[in-house]
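Dear colleague,

Please find below the structure that I am handing over to you.

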Amino acid sequence: NLMTYTTRFMYLMVCRGLFEAHKTIYSFLICSSILRQEGQLGQDKWNFFLRGAVGGNEEVEVPKEVPWMAKNVWQALHFLAGLAEP
């Protein structure tokens with residue numbers, strides 16, 4: 001497949017000039033771009049990753065089953081669950 005070959009070739013060539021810590025970030029960007037192009041990662045979830053739970057002002061209490069989880073993390077998870085496709 002030409003697209004797979006080109007993507008792999010570009011990844012390898014760019015990674016030659018990156019520090020190890022930056023290779024992981026670059027890999028994530030490549031992967032997320034592929035998923036967005038294929039429609040497997042929606043714009044709403046991508047925006048959540050970039051900006052967080054913007055507009056999610058709903059107060060949600062942390063269940064007693066997960067007392068170790070911070071309230072803001074639980075609220076973000078609750079917001080993200082509302083973005084799930086049916």
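The notes below go from the overall fold to one helix pair and then to individual residues.

This is a predicted model, in which local features need pLDDT of at least 70 and side-chain atom pairs count only at pLDDT 80 or more, while totals for chains, interfaces and linings use all residues. Residues are numbered from 1 along each chain as its sequence is written, and side-chain values use heavy atoms, with hydrogens and water left out.

Overall fold

The protein contains four helices and zero strands, and its elements follow the order α-α-α-α from the N terminus. Helices and strands are DSSP runs, numbered from the N terminus (helices: H or I, at least four residues; strands: E, at least two). The radius of gyration is 18 Å, whereas a compact globule of 86 residues would have one near 12 Å. That quantity is taken over C-alpha atoms, and the globule rule is 2.2 Å times the number of residues to the power 0.38. The C-alpha trace spans about 50 × 30 × 25 Å along its principal axes.

Of the 86 residues, 12% are buried; buried means under 20% relative accessible area, exposed over 50%, and partly exposed in between (1.4 Å probe, protein chains only). Contact means heavy atoms within 4.5 Å. Among contacts between residues at least 6 apart in sequence, 27% join residues at least 24 apart.

The α1-α2 pair

Helix α1 covers residues 2-15 and helix α2 residues 20-38; their axes come within 11 Å and cross at roughly 160°. Axes are lines fitted to C-alpha atoms, for helices over the stretch in contact, and angles run from 0 to 180 degrees between N-to-C directions. The two helices are therefore roughly antiparallel to each other, a term for angles over 145 degrees. On the α1 side, the contact is made by Thr7, Met10, Tyr11, Val14 and Cys15, and on the α2 side by Lys23, Tyr26, Ser27, Ile30 and Ile34. By class, this contact has seven nonpolar, two polar and one charged residues. Here Ala, Val, Leu, Ile, Met, Phe, Trp, Tyr, Cys and Pro count as nonpolar, Asp, Glu, Lys and Arg as charged, and the others, Gly among them, as polar.

Individual residues

Two residues of α2 may be set side by side. Serine 32 lies in this helix and is buried, with a relative accessible area of 3%. Leaving aside neighbours within four places in sequence, serine 32 is in contact with Leu41 and Trp46. Histidine 22 is also found in α2, but it counts as partly exposed at 40% relative accessibility. The C-alpha atoms of histidine 22 and glutamine 40, 18 residues apart in sequence, are 24 Å apart in space.

Glutamate 61 is in the loop between α3 (43-51) and α4 (71-81) and counts as exposed, at 59% relative accessibility. Not counting residues up to four places away in sequence, glutamate 61 touches Lys71 and Trp74. Its C-alpha atom is separated by 7.0 Å from that of lysine 71, 10 residues apart along the chain.

Alanine 81, in helix α4, counts as exposed at 53% relative accessibility. The C-alpha atoms of alanine 81 and alanine 70 are separated by 17 Å, and these residues are 11 apart along the chain.

With kind regards

Definitions and conventions:
Parallel < 35°, antiparallel > 145°, perpendicular 65-115°, else oblique.
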